[in-house]
Amino acid sequence: MDKTTLLHYVVQASYFAAAVLFILGIKRMSSPVTARSGIQWAGVGMLVATIATFFHGNVAAGLGTGLQPQTMTNILLMVLAIGVSTAFAWISGKKVAMTDMPQMVALYNGMGGGSAAAIGAAALIGAASGTAHHTLGTAQIALAVIGALIGSISFTGSLIAFAKLQGWMDKTFRFGGQQFVNGLFFLSALGLGAALLFKLDVTIVVAFFAVSLLFGVLMTLPIGGADMPVVISLYNAFTGLAVAFEGYVQGNVALIIAGTVVGAAGTLLTRLMAKAMNRSISNVLFSNFGGGGGAASEIAGSQKPIEAADAASLLYMAEKVIIVPGYGMAVAQAQHKIWELSQQLIKRDKEVKFAIHPVAGRMPGHMNVLLAEAGVPYDLIADMDDVNPEFATCDVAIVIGANDVVNPVARTDKSSPIYGMPILDVINARQVIVIKRGKGAGFAGIENALFYADNCRMLYADGQEAANRLIAELKGIDSGGGH
Amino acid sequence: MISGEIALYLFMLAAFTGHEIISRVPVILHTPLMSGSNFVHGIVLVGAMITLGEATTLTQQVIGFVGVFLGAGNAAGGYVVTERMLEMFKSSKKEGAK
């Protein structure tokens, strides 16, 4: 066996190892106990594959033989690109606040989509101008085109999602006949892509990419902030598929396997997310919250306020307390204070649980991450389906910064836009305390029947301040209350 | 080069794998897992490196350079963000033992 053949096998074996490590890594990430080692396994896989690629036949070809004068330049460019980009991503990833995590995922995901589109572009332009390493068969052109289309959409779409979540851009952007225009762009992209099957021409390739990239922007512009998690997850799956397709074009098994696994897992995750929000994926993409829809029924009664001192004595007497945090808590940065309050309750031998709605936060599980950051152990955190029956046996439920996900009209009022959405059955608790800054409605703009219920009291305050006052009052009962 | 039908089998098996490994995941891990799978498709970096390595014209070098730059950002950023999230997950039992 000569040196080139040996090297070829080493490189291929590294790709195989990477694919195995990715799958095992994702598998380990699906349990809280092994999750951390999971990302590390996948990380090792990535490192191995990246290093091996420097020795890949098509990369290192001509080194030392003088056949290809560009080889050395290309490798230097590679090192430069990897160095600069890794430094940027590493630092930005380390610095970002946990509440801003979703847009960073969107940004990095968009970069991956763009990278896949670039692979497609190079393959198509190379084949069109006859300068490519290898010619492309029809199946390869077709997959290069599809992968490039999906990758381009994911690229520009994720960047828009990033800009929106970062607050750089107005939440929605709509104009008359928008869906018609979008449809036109999509069909043009498909048409140009199909044309490439018959005639590989550089001009058509360029036009195809221009239209595809623009379509990604147009498609994401009208989608509101509340739906962004689903969109980011969808684009994550898109990038995976794009990578898999471009992997086929290159004949690279590592790309095919890793890309397809992510594509399938991402699609499933997107569906779970959309289901938790009671929205179908097409609904998220092609329509908007609150657009029309029947007016919800009026709610009789009034919201009844409560003072922190009274709320604290309710907590003092309770045996079981369930805390329902929403994104409002994270915005108020109250998670640390809430955990402090919980510790005070646990110290007084009360059973404390955190009930998390699947879409609390900006992504499913985002709330868990935010609570974990505050130091809440994950075994105190319960999923919706597990905790819902427990509200009936709970003395006090504290709702902080959550609104639509605890609104009972989702179960009772057929005319409500959120009818059918799974909710936390907070209303079944003996006593509910809602910590809220004012009387406003939630994301969906719907009045919350919970706030008007007989067993519900409103503690109007900023999240942090409310938690602080409750802690102080609890301590006050201990020392001064004297039984 | 991989032949068409073998690629088809690969797609199918990998899709099942992706579906299987994620279907029993507790909600608390959805965000880290989305972030983790985001990291895994950073393998696109490898493909972009090969594209740049094969480049013979200036256009291809530019496209390849952009591809590698974006791919590396995906991989590095995806890793850091996921690691930071997972670092925070701990059980109350372990804490009690400390």
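Begin with helix α9 of chain A, residues 228-250, and select Tyr235(A) and Phe238(A), which both lie in this helix. The two residues are 3 apart, about one turn of the helix. Keep in mind that this is a predicted model.

Now look at the two rings. Tyr235(A) and Phe238(A) form a tilted aromatic pair, with 5.8 Å from centre to centre and 50° between the planes. Tyr235(A) has 0% relative accessibility, so it counts as buried.

Next, select Phe162(A) and Trp168(A). Why is this pair edge-to-face? The ring centres of Phe162(A) and Trp168(A) are 5.3 Å apart and the planes stand at 85°; planes over 60 degrees apart count as edge-to-face. Phe162(A) is buried, with a relative accessible area of 10%, whereas Trp168(A) is exposed, at 62%.

Select Trp90(A), Phe39(B) and Tyr79(B), which ring pairs link into a cluster. Over all chains, the count of aromatic pairs comes to 7.

The last two stops concern charges over rings. Select Arg28(A) and Trp41(A): the charged end of Arg28(A) sits over the ring of Trp41(A), 4.6 Å from its centre. Finally, go to Tyr316(A) and turn the view to see the face of its ring. Lys350(A) lies over that face, 5.7 Å from the ring centre.

Definitions and conventions:
Residues numbered from 1 in each chain as written. Chains lettered and ligands numbered in written order. Predicted model: local features only at pLDDT ≥ 70, side-chain atom pairs only at ≥ 80, totals over all residues. Heavy atoms only, no water. Phe/Tyr/Trp six-rings, centres within 6.5 Å; stacked < 30°, edge-to-face > 60°. Buried < 20%, exposed > 50% of the residue type's maximum accessible area, 1.4 Å probe, protein only. Helix = DSSP H or I, 4+ residues; strand = E, 2+ residues; numbered from the N terminus. Lys NZ or Arg CZ within 6 Å of the ring centre and 35° of its normal.
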